[in-house]
Amino acid sequence: MAGLQVCSVLVTGANQGIGLGLVRHFLGMPNPPKWVFAACQDPKGQRAQELQNLASKHPNLVIIPLEVTDPASIKAAAARVGEHLGGSGLNLLINNAGIMKLNSLDNETLEDMTQVYTTNTIGPLLLGQAFLPLLKKAAQGSPSSALSCSKAAIINMSSSGGSIEEVYLWNYGQAVSYRCSKAALNMLTKCQSLGYRQHGVLCVALHPGWVQTDMGGAGSQKVGVSPWQSPCADFPWEGRELLP
């Protein structure tokens with residue numbers, strides 16, 4: 001925590017769960033970022049009420065409309081963030097938005113598979129592309145030559161559910177489309193790490209643990225922690241599983 005020094009961060013899926021927990025955490029840092037961009041689908045809706053309340057108390061919090069499956073929405077979000085940043089870049093892009101369908105192998109459908117893959121895998125791909133110019137600008141302005149979250153980074157919120165070796169908690173819920181999307185996200189992150197390293201941008205996938213959120217489900221009440229307690233909030237995520 002003490003080692004993280006960022007001027008700007010963007011969190012997707014920021015109106016609830018881990019995303020909202022991360023936003024709260026950034027705002028509560030001893031030296032908070034100059035800009036915290038909280039992106040969600042419906043910033044004025046009821047599900048974003050907590051986010052709206054935070055924005056009324058923290059002038060450095062900017063709520064950004066974003067639909068991660070819509071290229072036009074992503075492009076508009078990048079332009080809006082760029083306007084706020086002026087001539088500076090974006091230090092940290094956290095691709096947290098995601099969905100899960102608890103379908104079994106026998107009941108999985110084309111529609112659900114497509115929706116989950118588009119949200120969980122293609123979304124982070126398009127966001128990385130759209131925000132790369134701002135990330136590159138942040139990296140170029142950093143005095144450090146080493147890759148780090150304080151310099152410029154893309155963090156993809158993955159899951160051990162995407163682990164091909166573990167197939168974590170298969171008997172609890174097969175969630176085939178979710179597992180496939182996270183396995184693909186891990187490979188995407190590896191590709192990003194190889195492709196964006198030359199620009200000074202760190203790219204990692206993070207398994208935050210089983211957190212008590214709407215998507216985490218009832219089982220998380222037994223084995224999980226709240227978004228406010230999750231170790232994923234303790235940057236730079238020392239001891240967490242970096243998947244790629």
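**Exercises on a predicted chain and one of its helix pairs**

The protein chain holds 6 helices and 7 strands. The model is predicted.

**Exercise 1.** Determine in which order the elements of the protein chain follow one another from the N terminus.

*Solution.* Reading from the N terminus, the elements run β-α-β-α-β-α-β-α-β-α-β-α-β. The count for this chain is 6 helices and 7 strands.

**Exercise 2.** Characterise the packing of helix α3 with helix α4 by angle and distance, and state the handedness of the crossing.

*Solution.* Step one concerns the quantities required: a pair of packed helices is described by the angle between the axes and by the distance between them.
Step two supplies the values: α3 (residues 71-85) and α4 (residues 110-140) pack at about 30 degrees, and their axes lie 10 Å apart.
Step three classifies the angle: because angles under 35 degrees count as roughly parallel, α3 is roughly parallel to α4.
Step four gives the handedness: α3 passes α4 in a right-handed crossing.

**Exercise 3.** Identify which residues form the contact of α3 with α4, and sort them by class.

*Solution.* On α3, the contact is made by P71, I74, A77, A78, V81, G82 and L85. On α4, the contributors are G123, L126, L127, A130, F131 and L134. Sorted by class, the contact has 11 nonpolar and 2 polar residues, with no charged residues.

Notes. Residues numbered from 1 in each chain as written. Predicted model: local features only at pLDDT ≥ 70, side-chain atom pairs only at ≥ 80, totals over all residues. Heavy atoms only, no water. Axes fitted to C-alpha atoms, helices over the stretch in contact; angles between N-to-C directions. Helix = DSSP H or I, 4+ residues; strand = E, 2+ residues; numbered from the N terminus. Parallel < 35°, antiparallel > 145°, perpendicular 65-115°, else oblique. Left-handed = near helix turned anticlockwise from the far one by under 90°. Contact = heavy atoms within 4.5 Å. Nonpolar A, V, L, I, M, F, W, Y, C, P; charged D, E, K, R; others polar.
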